[in-house]
Amino acid sequence: MTESSKTAPSRADRYSERLTAPWWWWLAGSALTLVLGYEIQLAAYRQSWSVVAYPLLGALIAWGIWSMGRTHIRIDADGAVHAHKAVLPAEVISRGAAIGPSQRSAAMGRQLDPAAFLIHRSWIKSMVLLVLDDPDDPTPYWLVSTRHPEKILEALEMTDAARD
């Protein structure tokens, strides 16, 4: 596993996905901005300067939602997996499996190896498990949130080990 300074997707990628936050979080963020802004106005006895709270809160909440949804998962032309800033070369991946929503709690709970590399986004229900075969790396596997685990396995030219 290495760090990559270049994470921008290119046209030669086999697969690319951005783990964005759900659309309704933006609606909830807007409602939260209105409620908190109004509370600040009431606490300031509706002084004229208190309307500044609305754009400040809106910017802060929008930044928070945007930052939670900026993780990229991609498979480049060489088959290397890029998960945010980490890179996994294709040569060290021995097999992979799609983890569905019903198996996610077990994979993230009692079966999780503390040495595993993990990118988890709670609003994305499925994951992909990539088992490593690298004697120089103590990481046994990668467990990465994705909306389309079968497309990642297809891009890596692997069959789903969970279905074999």
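Helix 3 (residues 101-108) holds three buried residues, Arg104, Ala106 and Ala107; here buried means under 20% relative accessible area, exposed over 50%, and partly exposed in between (1.4 Å probe, protein chains only). Helices (H or I, at least four residues) and strands (E, at least two) are DSSP runs, numbered from the N terminus. The structure is a predicted model, in which local features need pLDDT of at least 70 and side-chain atom pairs count only at pLDDT 80 or more, while totals for chains, interfaces and linings use all residues. Residues are numbered from 1 along each chain as its sequence is written, and side-chain values use heavy atoms, with hydrogens and water left out.

The buried residues of helix 3 pack against strand 6 (93-99), strand 8 (127-132) and strand 9 (141-145), with contact taken as heavy atoms within 4.5 Å.

Leu19 lies in the loop between strand 2 (15-18) and helix 1 (23-43). Leu19 is buried, as its relative accessible area is 0%. Not counting residues up to four places away in sequence, Leu19 touches a set of residues including Met68, Ile73, Ile119, Trp123 and Arg147. Between the C-alpha atoms of Leu19 and Phe117, 98 residues apart along the chain, the separation is 17 Å.

Helix 2 (residues 53-68) gives the largest share of the patch, three residues. Trp26 sits in helix 1 and is partly exposed, with a relative accessible area of 38%.
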